[in-house]
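User: I would like the terms in this description tied to their cut-offs. Please go through them one at a time.

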Amino acid sequence: MPTGACGINCDVCRLNLLGICSTCGSGRSVDGKKKAAAQQRILGAPCPILACSMDKAIDYCPRDCNSFPCDRFKNGPYPFSRGFLNMQARRRTETPSLKNPSGDEVDVPIEHWEGLLRRDQKIICQNALVVHDSLGFFLLPFLKEYIRVDLKEYCLYHQKHGGWEIFHNPLLELVCLVYLLHAGPQGMSGRMAGPHELKAGHFFKGPHELKTQPLVERYGFDIKGFKKAAENLGGEALDMADAAYRFEAFPKIPLYYLLWEGDVEFQARLSVLFDHSIEHHLTVDAIWGLVALVSDLLLVGGHF
Ligand code: SF4
Ligand code: SF4
């Protein structure tokens with residue numbers, strides 16, 4: 001598919017169909033290399049966007065680069081307007097994963113907060129393997145970060161710029177509360193299980209299928225990019241599939257992401273596995289939500 005590193009799609013351009021302009025390509029493609037060489041020959045220099053994406057070994061700036069839209073886009077004469085670039089810069093700060101499987105906004109029932117307040121705090125700490133910090137907040141490890149859970153103000157905080165900042169993400173809030181409320185005394189089994197091997201495995205069908213397809217599209221032919229994102233997110237590499245990582249989502253909830261790279265014969269594939277004990281600690285919809293959160297973090301390169 002001849003899409004340029006900038007995101008322009010030559011497939012739908014008349015100049016390309018008429019042979020007036022040659023196909024561009026992604027920063028890791030043969031088409032991209034050929035285009036850069038032709039530009040060097042004809043214009044004396046390659047397109048700075050294409051050259052930069054080749055240096056960084058990324059395919060498409062808007063999808064793969066956390067610096068998009070960088071100054072090469074903002075200061076260059078093309079390909080996108082200032083209005084489009086401003087919209088991209090603004091919307092890329094929005095929080096993804098705010099929808100439930102039915103496509104509705106995630107709603108955090110107040111009863112979850114009230115339920116937590118009524119529960120024996122010591123038992124919660126023992127079961128969920130969390131502690132209270134010096135100010136009395138629950139300190140809940142989430143991936144490589146800590147989330148502070150404030151039972152007085154009903155909100156979450158995360159660490160930013162050396163301090164704690166309110167963190168508004170309803171899906172994360174819901175999943176954290178469900179974990180604290182539901183984590184049982186059982187330990188981990190050490191046995192991996194796919195979603196369909198769980199007791200409530202029938203849930204993960206149709207609209208409730210785990211959110212993995214966007215990861216296949218992004219990393220199915222970019223194992224290096226997947227490894228980088230997984231390591232940024234604190235994943236532990238495993239000797240499985242073409243690339244596999246274990247993420248400590250919550251203290252009793254490891255998630256395993258296994259990726260098989262695609263080629264001319266086989267489609268890329270990604271599986272998410274759990275510890276078999278996961279249903280003792282999370283409800284099925286919270287499992288779905290947790291995978292959606294972690295998958296979205298991997299899609300943005302593993303950065304919070
Ligand atoms: S702006 Fe650069 S990367 Fe985009 S299509 Fe043109 S040459 Fe290719
Ligand atoms: S820095 Fe700019 S040109 Fe380079 S890869 Fe990122 S978005 Fe593309």
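This is a predicted model: local features need pLDDT of at least 70, side-chain atom pairs count only at pLDDT 80 or more; totals for chains, interfaces and linings use all residues.

Analyst: Residues are numbered from 1 along each chain as its sequence is written, chains are lettered from A and ligands numbered from 1 in the order in which they are written, and side-chain values use heavy atoms, with hydrogens and water left out.

User: What makes a residue part of the surroundings of ligand 2?

Analyst: A residue is near a molecule or strand if one of its heavy atoms lies within 4 Å of it. Around ligand 2 these residues are C52, K56, I58, C61, C65, F68, C70, R72 and F73. Two or more of the shell residues come from each of α3 (48-56) and α5 (71-75). Helices (H or I, at least four residues) and strands (E, at least two) are DSSP runs, numbered from the N terminus.

User: How is the shell around ligand 2 divided by class?

Analyst: Ala, Val, Leu, Ile, Met, Phe, Trp, Tyr, Cys and Pro count as nonpolar, Asp, Glu, Lys and Arg as charged, and the others, Gly among them, as polar. On that basis the shell has 7 nonpolar, no polar and 2 charged residues.

User: Which residues does F221 touch?

Analyst: Contact means heavy atoms within 4.5 Å. Leaving out residues up to four places away in sequence, F221 touches R28, E261, G262 and D263. F221 sits in the loop between α10 (213-219) and α11 (223-232). For F221 and E261, which are 40 residues apart along the chain, the C-alpha separation is 5.7 Å.

User: Why is the crossing of α7 and α9 called left-handed?

Analyst: A crossing is left-handed if the near helix is turned anticlockwise from the far one by less than a right angle, and right-handed if clockwise. The axes of α7 (residues 110-118) and α9 (residues 170-182) cross at roughly 35° and come within 10 Å. The crossing is therefore classed as left-handed. Axes are lines fitted to C-alpha atoms, for helices over the stretch in contact, and angles run from 0 to 180 degrees between N-to-C directions.

User: Which residues of α7 and α9 meet?

Analyst: From α7, H112, W113, G115 and L116 meet E173, L174, L177, V178, L180 and L181 of α9. The contact divides into 7 nonpolar, 2 polar and 1 charged residues.

User: How do you know that β3 and β4 pair?

Analyst: Two strands pair if DSSP finds at least two bridges between them. Strands β3 (residues 145-150) and β4 (residues 155-160) have 4 bridges and are antiparallel, so they count as paired. D150 stands opposite C155. Their hairpin has 4 residues between the strands, and Y154 there has a positive phi near 55°.

User: What joins β4 to β5?

Analyst: Antiparallel β4 and β5 (residues 163-166) are joined by 4 bridges. Q159 is opposite W164, H158 has E165 as bridge partner, and K160 has G163. With 2 residues between the strands in this hairpin, H161 has a positive phi near 50°.

User: What makes β1 and β5 edge strands?

Analyst: The open sheet has 5 strands in the order β1-β2-β3-β4-β5, with antiparallel pairing. Each of β1 (131-132) and β5 pairs on one side only. α9 lies across β2 (138-142), β3 and β4, at about 110° to β2.
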